[in-house]
Amino acid sequence: MADTRVNESLELPGFKGDLLHPESDGYDEARQVFNGMIDRYPALIARCADADDVAAAVRLAAARGLELSVYGGGHGVTGSAVCDAGIVVDLRALKAVDVDPAAKTVRAEGGVTWGEFDAATQEHGLAVTGGRMSTTGIAGLTLGSGSGWLERKYGFVCDNLIKAEVVTAAGEQVVASATENTDLFWGLRGGGGNFGIVTAFHIGLHQIGPTVFGGMLMYPASRGHELLRFYRDFMERAPDEVCGGLAFVTAPPEDFVPEPVRGQPVIGVVCLYAGPLEGAEEAFRPLREFGPPGIDMTGPMPYLAHQQLLDGANPHGMQNYWSADFLTGLPDEAIDTLVDIATKPVSPLTSIIVVPGGGAVARVDDAETAFGQRNAPWNLHYLSMWPDPADTDRNIEYTRAIAAAMKPWTTGRVYLNYIGDEGGGRVEAAFGPEKYSRLQALKKQWDPGNLFHHNQNIEPGA
Ligand SMILES: Cc1cc2nc3c(=O)[nH]c(=O)nc-3n(C[C@H](O)[C@H](O)[C@H](O)COP(=O)(O)OP(=O)(O)OC[C@H]3O[C@@H](n4cnc5c(N)ncnc54)[C@H](O)[C@@H]3O)c2cc1C
């Protein structure tokens with residue numbers, strides 16, 4: 001371990017939460033993130049108890065000129081939640097979720113995960129588009145716009161954001177909404193963690209569940225070429241209520257998988273109907289009739305179970321290398337290229353997810369939020385995951401090879417939440433030049449010294 005400690009002692013008088021130094025019990029556990037490749041040693045992990053604690057930690061980092069990172073749920077694949085030799089503003093103790101069922105709104109604090117959020121809102125039969133894995137933090141996901149199974153019906157999470165409680169780079173506490181600090185509100189909806197630390201999100205909710213039609217159909221990889229063509233045509237005509245996506249995965253060694261299929265590359269079609277149960281069977285009938293799936297796990301189920309469908313396939317602490325691109329379309333040639341590579345993964349934990357666009361996401365006026373690509377028909381996400389660091393090079397090579405092969409069909413824009421550490425050009429590509437300039441001006445206004453740079457960084461404008 002490199003000596004990354006700061007020589008001076010870091011005190012925070014009046015701090016109500018826990019302060020973890022490198023010698024503290026729990027320090028090693030607290031510095032872990034989802035991606036096992038990340039191994040950083042902060043000088044201080046400030047586990048905040050409230051927004052005043054957050055503000056105090058921000059002011060300390062600014063005053064001492066220290067690195068600062070923000071830990072929401074720790075699922076950022078770049079590991080930007082933790083920094084070396086600086087202060088981690090750790091929000092994991094900020095867990096309040098207060099639902100107002102009559103108003104169909106929720107106030108959820110910055111350390112809440114999607115599992116916790118969904119559990120609290122489902123008590124009232126309410127939900128918003130949420131992360132596809134329940135352990136992901138609501139904070140990082142929402143600030144990057146927030147894609148999830150319900151988005152065709154209800155838009156991204158950020159499209160449902162009503163208000164954010166924010167600690168600024170100056171350590172001040174402000175609110176951003178459609179009526180207060182409206183410029184900041186615009187930037188928080190897709191611009192990532194660049195403009196302040198959000199201690200609480202106020203989000204609009206929709207009637208969903210507690211029972212939904214959901215689950216997954218699993219097809220053998222050998223049917224990939226025809227399945228993708230069918231899925232493309234099916235989704236192009238599907239109503240907004242037909243939600244889900246398609247994933248190239250490896251069949252797990254689970255009881256529900258027939259013995260000969262275990263460990264084989266398969267294609268999962270995730271199905272979620274965002275409407276009355278009665279309409280669901282009919283809506284998904286063409287997909288089920290396309291050919292008998294190897295395994296049919298669809299049917300009425302708790303919304304909470306649907307939201308945890310992928311949890312088991314994404315274990316914490318693996319090596320992760322990700323990338324992503326929006327596509328202009330999926331012509332046959334693109335499908336053939338994708339299927340040929342995606343059905344031959346280097347690691348059985350790797351998945352490649354094809355997320356359909358359209359629906360409510362595409363209907364929001366592009367100027368409304370910082371998010372940069374509302375009209376792409378498909379979003380392609382490459383998630384390479386493997387247990388052994390010795391296999392790193394070949395997994396990275398695989399990810400880059402598939403991304404390169406798909407290049408001819410990419411829009412040039414990327415989804416911020418799905419990319420790794422790919423340089424400033426790719427961050428700019430998330431927004432396009434016009435929005436990026438506006439974001440740089442916003443950054444200059446709210447964080448001129450770029451205190452919040454441990455992220456997919458937008459540098460302050462000149
Ligand atoms: C297994 C898995 C599944 C995923 N599924 C989806 C998905 O379905 N849809 C999707 O859109 N994304 C998904 N993601 C990507 C995810 O949205 C981003 O990685 C997101 O940053 C994670 O949020 P977090 O709070 O857990 O992250 P963290 O690692 O804690 O934070 C990442 C960055 O977000 C910023 N940040 C976090 N909290 C705050 C805050 N309160 N205030 C200001 N800035 C903050 C900081 O810049 C921080 O560096 C997934 C990631 C994983 C690992």
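**Figure 1. Isoleucine 402 in helix H12.** Isoleucine 402 sits in helix H12, which spans residues 392-406; helices (H or I, at least four residues) and strands (E, at least two) are DSSP runs, numbered from the N terminus. This is a predicted model, in which local features need pLDDT of at least 70 and side-chain atom pairs count only at pLDDT 80 or more, while totals for chains, interfaces and linings use all residues. Residues are numbered from 1 along each chain as its sequence is written, and side-chain values use heavy atoms, with hydrogens and water left out. The relative accessible area of isoleucine 402 is 0%, so this residue is buried (buried means under 20% relative accessible area, exposed over 50%, partly exposed in between, with a 1.4 Å probe and protein chains only). Leaving aside neighbours within four places in sequence, isoleucine 402 is in contact with Leu338, Ile341, Ala342, Ile352 and Tyr382, where contact means heavy atoms within 4.5 Å. Take isoleucine 341 from that set: isoleucine 402 and isoleucine 341 are 61 residues apart in sequence, yet 6.5 Å apart in space, C-alpha to C-alpha.

**Figure 2. The largest nonpolar core, and a second one.** In soluble globular proteins, nonpolar side chains tend to be buried together. The largest nonpolar core here has 50 residues, and those with the most contacts inside it are Phe117, Leu184, Leu188, Phe201, Ile203, Phe431 and Leu439. A nonpolar core is a set of buried Ala, Val, Leu, Ile, Met, Phe, Trp, Tyr and Cys residues joined through side-chain atoms within 4.5 Å. Helix H13 (residues 424-446) gives the most to this core, with eight residues. Domain 2 (97-208) and domain 3 (211-418) both give residues to the core, so it lies between them. For a look at one member, pick isoleucine 203: leaving aside its neighbours within four places in sequence, it is in contact with Lys104, Thr105, Val106, Phe117, Val128, Val157, Asn160, Leu161 and Ile162. A second, separate core of 38 residues includes Leu227, Leu228, Phe234 and Ile402.

**Figure 3. Aspartate 447, in the segment after H13.** Follow the chain into the segment after H13 and you will find aspartate 447. Is aspartate 447 buried or exposed? With 1% relative accessibility, aspartate 447 counts as buried. Not counting residues up to four places away in sequence, aspartate 447 touches Ala169, Asn194, Phe452 and Pro460.

Figure 4. Three residue pairs (both at pLDDT 80 or more) are in polar contact between domain 1 and domain 2. A polar contact is a pair of N or O atoms within 3.5 Å; within protein, one must be able to donate a hydrogen and the other to accept it, and residues adjacent in sequence count only if both atoms are side-chain atoms.

Figure 5. By the salt-bridge rule, the count comes to 29. Glutamate 241 lies in the loop between helix H7 (224-237) and strand E13 (242-250) and lysine 153 in helix H5 (residues 151-154), so the pair ties together parts that are 88 residues apart in sequence. Lysine 153 is partly exposed, with a relative accessible area of 25%. Aspartate 159 forms a salt bridge with arginine 374, the closest N and O atoms being 2.7 Å apart. This pair links distant parts of the chain, 215 residues apart: aspartate 159 is in the loop between H5 and strand E8 (161-167), and arginine 374 is in the loop between helix H11 (359-363) and strand E19 (378-386). At 23% relative accessibility, aspartate 159 counts as partly exposed, whereas arginine 374, at 4%, counts as buried.

Note on methods. Domain bounds come from an automatic or database domain assignment. A salt bridge is a side-chain nitrogen of Lys or Arg within 4 Å of a carboxyl oxygen of Asp or Glu.
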